[in-house]
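User: I would like to learn how to read some features of a structure. Please give the general idea each time, then the case at hand.

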Amino acid sequence: MSRPPPRPGPDPNDDRRALLSAYKDVVASEKTRGKSGGSALQSGNGRVLILTVITIGLVVALLNHDRWLDPVKFPPESRQIREASLRLVMARQIHGIEAWRDTHGGALPDSATAAKTTLSPFKYEVASGKYRLTGNNGDTVLTYESSESLSTFLGQSYELVRNRGRQ
């Protein structure tokens, strides 16, 4: 049996060429990195500038926080506006009672919870087929009798509340 001829080993000149090529690539990449190093330094300065501006802005905000963060203080409402507001809130409750009454054949609810209205700040009384609703807003106390007209009770309340900031 004959053996195949032995293969020649790697050429040492090819290894040197490959090593030289790799060295040239490393040198070229280092030169490129050195050129972009200046721009990296510049972007670092840009970051410092941005952080300085943000820091100064935050310091100014902290020094002036009383002007920016305090709630806006409105002048106290007049007695007339408080009364009109109370009439409107009571009218909402009266609509709830009347809606319950319509669905239950004209019968009045025994209590505010039976009518499923939010009457917690109001006093609700039922007597002889009529009801009375009493509410207060500060020093203003109002009472609505179911025998009186709701539109008479409301009067000009909606217009007063709507125009309160325009006067």
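User: Is E125 buried, partly exposed or exposed, and what is the relative accessible area of E125?

Analyst: Buried means under 20% relative accessible area, exposed means over 50%, and partly exposed lies in between (1.4 Å probe, protein chains only). E125 is partly exposed, with a relative accessible area of 30%. This is a predicted model, where local features need pLDDT of at least 70, side-chain atom pairs count only at pLDDT 80 or more, and totals for chains, interfaces and linings use all residues. Residues are numbered from 1 along each chain as its sequence is written, and side-chain values use heavy atoms, with hydrogens and water left out.

User: Which residue does E125 meet in a salt bridge?

Analyst: A salt bridge is a side-chain nitrogen of Lys or Arg within 4 Å of a carboxyl oxygen of Asp or Glu. The side chain of E125 meets that of K123, at 3.0 Å from N to O.

User: How many salt bridges does a search of the whole structure find?

Analyst: The search finds 6. Among them, E145 pairs with R132, and their closest N and O atoms are 2.7 Å apart.

User: Which strands hold E145 and R132?

Analyst: Strands (E, at least two residues) and helices (H or I, at least four) are DSSP runs, numbered from the N terminus. R132 lies in strand β2 (residues 130-137) and E145 in strand β3 (residues 140-145), so the pair ties together parts that are 13 residues apart in sequence. E145 is partly exposed at 28% relative accessible area, and R132 is also partly exposed, at 36%. Elsewhere, salt bridges that share partners join R79, R82 and D139 into one network.

User: Where do E98 and R101 lie?

Analyst: Both are in helix α3 (residues 79-103), 3 residues apart, about one turn of the helix. E98 counts as partly exposed, with 26% relative accessibility.

User: What span should the 25 residues of α3 have?

Analyst: The expected span of a helix is 1.5 Å times one less than its number of residues. For α3 this gives 36 Å, and its end C-alpha atoms are 36 Å apart, which agrees. Just after α3, G105 takes a positive phi of about 65 degrees.

User: Which residues make the nonpolar surface patch?

Analyst: Patches are made of residues with over 30% relative accessible area and no salt bridge; like charges are joined within 9 Å, nonpolar side chains (Val, Leu, Ile, Met, Phe, Trp, Tyr) within 5 Å. Accessible areas come from the Shrake-Rupley method with a 1.4 Å probe, and for residues only the protein chains shown count as cover. Here I50, L51, I54 and L58 make a patch of about 410 Å². L51 lies in helix α1 (residues 12-63) and is exposed, with a relative accessible area of 54%.
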